[in-house]
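Me: I've got a structure open and I'd like to learn how to read it. Can you walk me through it?

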Amino acid sequence: QVQLVESGGGLVQAGGSLRLSCAASGRTLSSYGMGWFRQAPGKEREFVAVIRWDGGNTEYADSVKGRFTISRDNAKNTVYLQLNSLKPEDTAVYYCATNKFGRVMTTNIRHYDSWGRGTQVTVSS
């Protein structure tokens with residue numbers, strides 16, 4: 001059982017940046033591939049980014065590629081998502097989650113469990 005808490009969301013103008021954090025307790029994050037997902041009101045939760053258990057590889061949704069960067073610091077038991085060049089369509093609640101298969105990096109939302117509570121990102125035009 002791992003507990004995840006996201007933070008760092010807020011109100012930003014288009015073109016601005018935010019850095020989201022996902023702090024874990026209960027388990028070491030080195031045991032898991034980690035993912036970031038987002039959900040806008042009335043819409044389905046969607047994949048944003050994933051990172052290998054040791055940070056050695058990453059993958060991004062086409063909509064955020066080149067603008068967002070996922071990283072991790074296993075010594076701090078924390079995963080990050082740097083959001084640059086933000087657009088109004090990035091407005092959503094952002095969630096982090098552990099891959100239920102352990103040290104696996106996949107983009108399928110059904111492969112993730114132990115979800116955090118989410119942090120709101122709002123981008124104004």
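Reply: Buried means under 20% relative accessible area, exposed over 50%, and partly exposed in between, with a 1.4 Å probe and protein chains only. Here, buried residues make up 46% of the 125 residues. Keep in mind that this is a predicted model, where local features need pLDDT of at least 70, side-chain atom pairs count only at pLDDT 80 or more, and totals for chains, interfaces and linings use all residues. Residues are numbered from 1 along each chain as its sequence is written, and side-chain values use heavy atoms, leaving out hydrogens and water.

Me: How many helices and strands does the protein have?

Reply: Both are DSSP runs numbered from the N terminus: helices are H or I with at least four residues, strands E with at least two. This protein has zero helices and 11 strands.

Me: What share of the contacts join residues at least 24 apart?

Reply: A contact means heavy atoms within 4.5 Å. Among contacts between residues at least 6 apart in sequence, the share is 58%.

Me: Which cysteines form a disulfide?

Reply: A disulfide is a covalent bond between the sulfur atoms of two cysteines. The rule used is a pair of cysteine sulfur atoms within 2.5 Å, and the count comes to one. Cysteine 22 and cysteine 96 form it, with their sulfur atoms 1.9 Å apart. Cysteine 22 sits in strand E3 (residues 18-25) and cysteine 96 in strand E9 (residues 92-99), 74 residues apart. The link is right-handed, with 65 degrees about the S-S bond.

Me: Are cysteine 22 and cysteine 96 buried or exposed?

Reply: Cysteine 22 and cysteine 96 are both buried.
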